[in-house]
Amino acid sequence: MSGPGTPGPQRWLDRPASATQITHRARLWLYALAGAVLAFLIVPTLIVVPMSFSASQYLEFPPRQWSLRWYENYFSSATWMDATATSFKAAAWTALLATPLGTLAAYGLSPSRLRAARALQVLLITPMIVPVILIAVAVFYVYVKVKLNNSLAGLVLAHTMLAVPIVMIVVASALKSFDMNQEMVARSLGASRPRAFLTVTLPQIRFAVVSAAVLSFLTSFDEVILALFVSGGANSTLTRQMFLALRDQIDPTIAAISSIMILVTTLMFVVAQVFGGGGNAGNRDAN
Amino acid sequence: MSRASAVPITIRQVAKAYGTVAALDCIDLDVRSGEFLTLLGPSGSGKTTLLMVLAGFIRPDQGSLRFGDQEVIRLAPHKRDIGMVFQNYALFPHLDVAANVAYPLKLRGVSAADCARRVTQALQTVKLEGLGTRRVHELSGGQRQRVALARAIVFEPRILLMDEPLSALDKQLRESMQIELRHLHDQLGMTTVYVTHDQREALTMSDRVAVIAGGRLMQVDTPRMLYDRPGNRFVAEFIGESSFLEVTASGGAWCWNGRPLQLSTEPSGSMDPQPAQGARACLMLRPERLRIAQAGQGSPAPGTNALPARVGDVIYQGDTFLVQALLDDGTRVSARAIAGAAALARAPARNETVELHFDAGEAVLLPEEGPR
Amino acid sequence: MLLGLSGPALALVLVTMVLPIAWLFGLSFLADDGSLSLVRYRRMIEQPSYARIFGATFKVSLLTTALCVVLGYPLAYVLSQLPRRAANLCLIAVMLPFWTSLLVRTYAWLVLLQRRGLVNTWGMELGLWDEPLALVHNLSGTLIGMVHIMLPFLVLPVLNSMRSIDMDCMKAAANLGASPTRAFWSVFFPMSLPGLFAGSLLVFVICLGFYVTPAVLGGGKIVMVSNQIANDIELFFNWGAASSLGVVLLVSTMALLWLASRLTRLEQLLGASR
């Protein structure tokens with residue numbers, strides 16, 4: 001055991017790290033490896049942001065010269081701006097549609113103990129399981145036939161279908177920790193079922209519903225493959241434009257767009273915290 | 001397994017603090033070779049902490065620990081060569097019963113043939129022969145407990161530790177297992193340290209019991225001594241039922257409510273048999289030592305004390321009945337008697353005035369407040 | 001009656017996903033002239049180009065899964081040993097990629113791995129290599145990108161499974177004489193295997209259907225099943241070929257996911273010693 005004279009970090013190194021009394025010192029290599037993997041996960045995700053302010057076409061880090069030229073490129077381009085508007089519109093509509101649909105499905109299926117309910121839940125999750133490329137191709141095929149191709153409505157419909165499983169999972173998990181007896185009490189006191197749901201249940205699963213809405217928004221906003229096939233022309237999404245640009249060259253403007261997308265994601269999560277009231281179950285279990 | 005391989009345990013000044021809370025407060029304890037010692041205490045008393053120190057999973061802040069002649073306080077848990085049974089058994093779910101029991105033997109490089117033989121023997125000892133190929137999840141709670149035991153003794157450790165191994169079992173099974181464990185200990189002869197919060201269990205199984213509370217040892221004694229001669233109020237209250245009288249010393253004798261009491265001339269624990277004038281103490285009375293007698297029958301026999309009391313509730317409890325009574329100075333006492341037909345017929349009624357008799361040697365004088 | 005509340009959602013999923021996919025799959029059983037036939041599937045078995053595509057898909061998925069296991073298991077282990085609050089904080093870091101757009105992450109790697117990108121610049125500055133390495137538009141780039149995206153999918157289920165391991169078993173192993181390393185390999189690791197298998201299967205399955213990352217970081221050289229499906233439609237208008245490939249992809253995905261769900265049930269059984 002280290003005496004009182006040994007400095008802080010050294011004492012920590014000699015302390016047991018687990019039930020088997022292995023010391024932190026013996027595990028240092030493991031901590032280093034885990035730290036490296038963690039860095040591998042975080043750094044590339046975030047590094048785009050400072051790099052987007054680099055004046056050089058090769059996006060240096062740290063930037064030798066700071067510049068806003070890529071942002072200027074982005075904001076002054078009609079193509080990019082139209083695409084951004086389309087993405088926002090589609091995402092907003094998706095959230096607006098998927099949230100009530102998914103919440104109702106969760107409310108109807110999750111508390112039930114019937115086998116049919118389980119089966120229906122599995123069916124509703126399938127958009128998450130089936131490879132998106134297949135969904136994209138199949139939907140494209142049908143949309144061509146019904147002339148929904150390259151339309152905002154078609155895109156929103158498809159994105160809503162992708163978002164509904166997520167909403168259902170998030171809300172269902174919140175409902176699991178909610179005591180449904182409260183609703184029964186409200187109904188015994190005279191409230192109709194919809195009224196009981198709106199006044200008793202919904203306020204308490206608020207955080208989950210808001211998180212689900214945010215996740216729906218982001219699912220649509222970030223979605224690439226479906227947008228590639230189904231949106232186009234005047235209704236091309238931001239992600240579609242980005243993907244097409246990437247296939248040709250490494251356009252640094254995309255770095256600026258990426259930073260903005262990260263900003264949007266962060267803002268949406270802040271929104272979730274603010275409007276949801278900061279519950280803790282909710283979105284962590286979404287995946 | 002020979003008794004000669006059992007070793008004594010010497011614990012000196014072991015202390016462990018978490019922040020400002022002392023989980024263990026300078027414990028000194030000797031466990032004799034081959035003894036069955038129980039650490040008894042309420043939850044949070046430090047008994048499990050002390051056991052974990054013995055096992056090596058908790059490093060105390062100071063102190064010494066010896067198994068026989070070997071100082072082990074800094075020895076890693078996997079080198080201590082002692083057996084341990086955990087509260088939830090901690091059986092390995094990915095191995096079958098035989099593999100679980102063989103695990104410590106494999107670690108010690110025992111040959112496959114020897115291994116198989118010793119595993120069979122261990123399973124026989126715990127009465128689980130033939131269940132070697134079962135998987136853990138197929139076993140009942142009692143069976144899992146036995147497997148955990150078999151695994152802990154198969155390598156013939158010099159010391160066996162048990163952390164409330166019976167607490168997850170139902171009452172019937174628990175009581176039969178208590179006796180079985182004791183028989184096993186007698187058969188194998190290793191030094192055993194057992195942790196429990198159930199005083200009945202402790203009294204049933206142990207050679208000696210160490211009562212522990214707040215990280216301190218309250219008393220270490222045989223079950224009989226703990227029950228008949230508790231050394232302080234905590235032990236008196238924790239073990240068995242008791243009523244307490246406030247007594248004051250006057251004229252060299254202990255008096256209650258002004259009346260001198262006839263108490264045993266043997267000095268009990270730390271109490272001074274020649275108390276100073278005005279000294280205070282409390283007198284512990286066990287309910288079964290109080291006899292209910294009719295009031296007004298004249299002075300009791302020499303060596304017997306009589307307390308006038310008014311009866312409150314008389315509660316029938318199957319094998320015994322409890323009489324709760326109020327003494328003149330407002331103290332509540334309980335008297336317990338076997339519920340035989342004759343005794344029940346003579347049982348007093350509510351508000352009746354009776355006399356409670358107890359013999360000089362059956363009450364215990366204790367300091368007014370227990371050691372803190 | 002309550003089940004009816006799921007009606008609108010179900011209708012949406014049925015109309016926008018189930019029916020179109022069923023329709024599309026029907027195509028795979030039709031020959032070019034519209035008659036019912038298995039000719040497309042026969043072509044898949046006979047033509048070597050299909051074998052190449054399946055081979056590439058399998059290879060990339062397997063390599064990605066293996067790398068995720070090697071990198072993700074130690075991370076999950078460290079997280080499982082940390083106190084809850086610290087672990088949850090680190091989990092946010094693990095989930096961070098989840099919440100960032102796939103395209104943004106893929107693009108980030110494109111920038112980092114290009115000839116004059118960060119990795120090459122620092123590598124040459126530190127003297128690790130002289131010529132810029134070709135890290136994009138090939139298998140390496142694709143693998144790096146996919147591992148980056150798939151790691152959370154492995155870490156989360158493995159971490160969950162590790163958290164349900166009874167640590168008293170480790171204490172028991174130590175008490176019975178196992179050194180910390182021995183205790184890990186003989187007790188902890190076997191108990192974590194079902195969770196590891198389930199996580200690996202999940203990663204493998206998702207990799208099979210991956211499109212964006214191989215398309216961007218592979219530079220057209222990495223053609224997985226999904227890329228081929230897209231090519232069949234965009235370049236060749238060969239719906240029949242695309243649909244038969246799609247059937248194969250879907251069936252393998254479903255089969256493997258079913259296998260993974262059996263494994264998680266097995267894990268719950270093994271964890272039942274608590």
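Predicted model: local features only at pLDDT ≥ 70, side-chain atom pairs only at ≥ 80, totals over all residues.

Residues are numbered from 1 along each chain as its sequence is written, while chains are lettered from A and ligands numbered from 1 in the order in which they are written.

**Exercise 1.** Find how α2(A) and α3(C) cross.

Step 1: take helix α2 (residues 28-51) of chain A and helix α3 (residues 48-81) of chain C; their axes come within 9 Å and cross at roughly 115°. Helices here are DSSP runs (H or I, at least four residues), numbered from the N terminus.

Step 2: that makes α2(A) roughly perpendicular to α3(C) (65 to 115 degrees counts as such).

Step 3: look at who touches whom. On α2(A) you'll find, among them, L30(A), Y31(A) and V37(A), facing a set on α3(C) including L71(C) and P74(C). Contact means C-beta atoms, placed from the backbone, within 7 Å.

Step 4: sort them by class, and you get 10 nonpolar, no polar and no charged residues.

**Exercise 2.** Describe the contact of chain C with chain A.

Step 1: count, and 68 residues of chain C meet 70 residues of chain A.

Step 2: on chain C's side, helix α1 (residues 7-28) gives the most, with 11 residues.

Step 3: by class, that side has 52 nonpolar, 13 polar and 3 charged residues.

**Exercise 3.** List what L226(A) touches, skipping residues up to four places away in sequence.

Technical notes:
Contact = placed C-beta atoms within 7 Å. Axes fitted to C-alpha atoms, helices over the stretch in contact; angles between N-to-C directions. Helix = DSSP H or I, 4+ residues; strand = E, 2+ residues; numbered from the N terminus. Parallel < 35°, antiparallel > 145°, perpendicular 65-115°, else oblique. Nonpolar A, V, L, I, M, F, W, Y, C, P; charged D, E, K, R; others polar.
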